Amino acid sequence: MTTDKTETASQMAKAYEPQTTEQRVYHFWESRGYFKGVRNPDKKPFSIVMPPPNITGELHLGHAMMDTVEDILIRWHRMQGDPTLWLPGIDHAGIATQTAVEKMLAKEGISRHDLGRDEFEQKVWEWVRRFRPIISDQHRRLGASADWARETFTLDDGPQSAVRTVFKKMFDDGLIYRGERLINWCPRCLSALSDLEVEHDEAQGSLWYLHYPVVDGTDANGKPRETGESVIVATTRPETYLGDTGVAVNPKDDRYKALIGRSVMLPVIQRVIPVVGDDAVEMEFGTGAVKVTPGHDPTDFEIGQRNGLPIINIMNEDASINENGGPYAGMDRYDARAKIVRDLEELGYLEKMEPYVLQASVCYRCRTVIEPLMSWQWFVNQRTLAEPAIDAVKDGRVSFVPERFERMYLNWMENIRDWCISRQLWWGHRIPVWYSADEDGDRIMVKLPQDVADGADKPATGTEGKPPPTIAATYNEFRARGVSHETIARHGTWSAHEATAICSIETPTQSPTGGGNLLQETDVLDTWFSSGLWPFSTLGWPQENEELSYWYPTSVMETGYDIIYLWVARMIMLGLYCRGEIPFSTVYLHGTVRNAEGKRMSKSLGTGIDPIETIDKYGADALRYTLITAGAAGNDLKLSDQKLEQGRNFANKLWNATRFVISMIGDAKVDVAPLAVALAESKEQRPNSKLLNDLSIEDRWILSRIEELSRSADVLMQKFDLGEAARQAYDFAYNEFADWYIEIAKVRARDENASSPSPLPVLAYVLDRTLRLLHPTMPFLTEELWQNLQRAITGFDDEALIVATFPKGASGYTDTLAEKQMELLIDVVRAIRNIRAEKKVEPGKYIEAYVIAGAASAMFEAAKPYVEMLARARPLHIVATTADAPREQVATAVLEGATAVVPLAGLFDTAVERTRLQKQIADAEAELGRIEAKLTNEGFRSKAPEKVIAAEEERLAGLKSRLEGLRVTLAELA
């Protein structure tokens with residue numbers, strides 16, 4: 001029934017201490033199995049698969065936001081009695097993890113090439129075993145109520161089987177193919193990247209203008225004959241001129257029409273290339289003539305394809321210049337750039353250079369500038385997959401929150417391109433394709449470290465983490481030299497695009513025709529391929545089972561808007577392809593968490609915030625509340641210490657309110673069942689509901705407000721407006737309940753002659769409902785407080801708040817009269833407080849006041865004890881008409897339904913105050929005269945800057961307003 005440690009009010013700490021509470025409460029939940037997903041065939045389930053964080057170390061605030069949103073949804077549905085499953089997991093994160101482990105090894109002076117593929121993989125598995133429990137524990141610190149017994153890793157046996165099954169199915173269906181295409185290549189990771197894994201950083205670059213001389217035939221020596229003309233092209237990458245196979249101009253450009261069909265020569269390397277016309281050329285960019293490098297630029301590739309231009313690759317995989325670079329072969333791309341520019345300048349072929357801000361395409365993981373390269377890779381034909389995924393969104397089976405992201409999704413899907421899924425990594429799902437060396441040995445090109453090919457057992461260490469020198473030959477050529485199949489398989493890499501691919505779910509032992517020497521494809525799959533199967537691979541697919549059939553399709557996919565294309569779209573496509581069903585019905589997209597200055601979080605730049613350090617300082621509930629209320633779904637949000645302190649202060653406010661309620665109850669328990677029953681049976685306040693009708697105005701008001709809040713919260717949660725639901729609960733708990741109702745209850749508790757019923761049942765009931773409403777957002781605090789409250793009340797059978805019923809306000813109970821009456825009472829108290837503040841009355845001093853209440857006089861008489869206390873107004877006179885209240889030397893606040901009047905005599909020495917005000921008025925009038933004189937001076941207006949004149953005019957307006965207020969106040973003292 002209770003946590004391991006519950007306390008009476010006298011035992012409760014004076015302030016909430018999350019550090020001593022959170023882990024104990026979490027153990028209470030987890031040890032009692034509240035997180036487990038249990039099937040109930042009679043009820044519709046609610047399920048979420050956790051977006052798997054990378055196994056690269058610690059969680060960041062994006063994960064904290066993800067956990068907060070998903071945990072709120074899970075806890076809300078759990079409290080509604082829905083069978084719930086939140087299935088956690090971790091992603092192997094191919095490039096990111098391999099990069100992290102390589103950096104770790106580099107500190108030890110080791111590269112992955114020193115270890116070889118098998119030993120390197122073991123090092124990565126050691127990394128996984130180290131960080132997997134750390135990441136899970138961080139989720140727990142955030143309050144994630146996930147079913148941890150089901151935690152899945154993307155390289156576990158189940159997901160491995162799912163990946164191979166899908167690959168085989170798509171291969172057989174012709175949706176996966178090998179091809180030579182222009183792809184994005186990371187020279188640091190030595191791997192291909194999909195278009196979506198390339199990001200763009202603004203960088204200061206240069207635009208070089210190069211002369212390409214026009215040529216016509218050859219001279220007597222067989223060299224291109226220059227005509228004396230030249231075409232000037234502009235480029236941000238002069239090193240790529242080594243791969244130019246054409247110059248393109250717009251056929252509508254009058255400057256170049258006569259050149260189309262003629263030829264130009266590349267300086268230094270003296271390659272003759274044609275001038276072609278193509279509508280894709282922007283006449284306004286540079287000179288209107290562009291160099292065409294089909295092997296190193298996507299747009300140039302398309303121009304080349306349309307105009308039949310050859311493709312020349314000038315770069316090695318590490319971005320050094322290859323043998324096609326002539327005199328620059330072997331140089332790093334940037335060294336080659338500098339040398340090429342110097343050479344062209346010396347030869348007179350550099351027209352000019354000017355600064356140019358460009359968008360550099362970089363690897364999304366290591367931020368290295370990528371190079372477009374022609375390469376044989378594995379691709380997925382996504383157009384066939386996209387059509388049903390588009391229909392699923394258009395017909396409403398899948399909806400987006402916020403809705404505006406639906407258009408973004410559809411725009412991308414309707415223009416989708418093939419997906420490069422192969423990565424040249426050692427960590428990940430190795431592509432389940434083999435080649436028969438016995439049958440295709442002459443068509444399999446192998447690279448081996450030089451010393452291994454010469455008979456060494458292990459390759460020598462490379463330099464600066466780079467692979468050792470290699471030699472290339474066919475498989476059969478190496479075998480003829482005496483290199484064993486085992487040595488080739490262990491130390492070699494191979495390309496076999498001309499060989500027959502053997503695709504298999506299980507690892508084959510021989511080829512279909514009996515050959516036994518098989519080489520598996522060395523590439524691994526893009527991490528997003530396995531992640532695309534996440535909603536069903538985590539539930540046992542490809543095996544059909546009860547868990548899969550019950551929990552799939554899942555209910556909500558919650559993630560960041562920045563991976564709609566990388567992940568969300570692919571899950572929808574693959575879910576429909578593999579299962580024939582959508583993977584989820586709702587996509588909830590959260591924004592990016594930024595720091596107080598609006599900058600993106602970055603540890604390397606010092607702008608990051610560690611969520612665990614934040615929890616240690618403010619508590620998990622304060623962090624969760626701040627994250628969910630700081631911005632709406634899909635919008636970026638700023639996180640600051642000020643906002644986190646607000647969350648922590650609210651936690652303390654709720655803690656102290658609960659301590660007070662429990663202290664008021666004391667040793668005798670309060671039975672809230674009769675009140676709960678009366679409310680449940682009331683569609684509105686009924687005359688025959690004696691229990692409700694006998695309550696005081698403030699009791700009926702607070703009950704009406706909590707029921708309305710419950711109805712509002714239920715609607716907001718259904719609409720996924722989680723932040724607004726939390727904000728409304730905060731406003732109610734902080735203001736209406738703690739600042740008004742509890743303060744009124746204190747007065748009633750001290751009034752021995754009170755005739756109204758005890759406020760204790762209402763206090764306990766409203767506190768119970770408030771804790772339930774706040775539990776999904778602030779679970780640790782509310783569970784701790786609720787468990788303590790249960791010791792003081794009877795009437796509820798729930799054993800823990802985590803499984804208690806979430807209030808819906810289903811009774812429809814409301815008391816509009818009580819709400820209107822209480823609003824007037826509060827307005828009067830606020831009016832008197834405002835007058836006190838304006839007149840600078842000491843906080844503890846009581847003042848005389850009148851309330852001209854008219855028809856509401858009886859109500860004010862009944863409320864007089866707590867109006868006096870809350871307004872610090874005694875004696876408080878309740879009168880019916882203005883004739884019964886003083887009219888001279890008073891401060892008055894006219895309200896709708898009543899008027900508050902405060903005699904000024906006694907608040908201060910009237911004569912002294914009048915003198916003080918007269919002096920302030922005189923000083924203000926003098927200053928006003930000086931400013932008016934300045935502004936009417938034509939010399940000042942003609943010489944002073946506009947900003948100075950505007951500032952003086954603003955001062956003048958402010959002084960006039962202040963003078964008006966001072967004169968009104970002085971008149972009140974007349």
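1. Ground rules. In this predicted model, local features need pLDDT of at least 70 and side-chain atom pairs count only at pLDDT 80 or more, while totals for chains, interfaces and linings use all residues. Residues are numbered from 1 along each chain as its sequence is written, and side-chain values use heavy atoms, with hydrogens and water left out.

2. Largest cavity. There are three cavities of 30 Å³ or more (a cavity is a set of points, on a 1 Å grid over the protein atoms alone, where a 1.4 Å probe fits but cannot get out; lining residues have an atom within 4 Å of a point). The largest holds about 90 Å³ of space (a volume is the space filled by probe spheres set on the points, which are joined across faces, edges and corners). Its lining has 13 residues, with M717, A725, A726, L773 and T777 nearest the centre. Two or more lining residues come from each of α24 (697–718), α25 (722–750) and α26 (760–774) (helices are DSSP runs of H or I, at least four residues, numbered from the N terminus). By class, the lining has twelve nonpolar residues, one polar and no charged (Ala, Val, Leu, Ile, Met, Phe, Trp, Tyr, Cys and Pro count as nonpolar, Asp, Glu, Lys and Arg as charged, the others, Gly among them, as polar).

3. Second largest cavity. Its volume is about 80 Å³. Six charged residues, two polar and two nonpolar make up the lining; among them are D114, R117 and H491. Helix α5 gives the largest share, three residues.

4. D67. This residue, in helix α2 (residues 61–79), is buried but has no salt bridge, and the nearest side chain of opposite charge, R624, is 7.1 Å away. Buried means under 20% relative accessible area, exposed over 50%, partly exposed in between (1.4 Å probe, protein chains only). For charge, Lys and Arg count as positive and Asp and Glu as negative; His and the chain ends are not counted. The side chain of D67 does make a polar contact of 2.6 Å with that of H139 (N or O atoms within 3.5 Å, one able to donate a hydrogen and the other to accept it; residues adjacent in sequence count only if both atoms are side-chain atoms).

5. Salt bridges. The structure has 61 (a side-chain nitrogen of Lys or Arg within 4 Å of a carboxyl oxygen of Asp or Glu). One joins D156 and R132 at 3.8 Å, N to O. D156 is in the loop between β4 (152–153) and α6 (157–172) and R132 is in helix α5, so this pair ties together parts 24 residues apart in sequence (strands are DSSP runs of E, at least two residues).

Technical notes:
1 Å grid on protein atoms, 1.4 Å probe; cavity = no way out; pocket = protein on both sides within 12 Å on 5 of 7 lines; lining within 4 Å.
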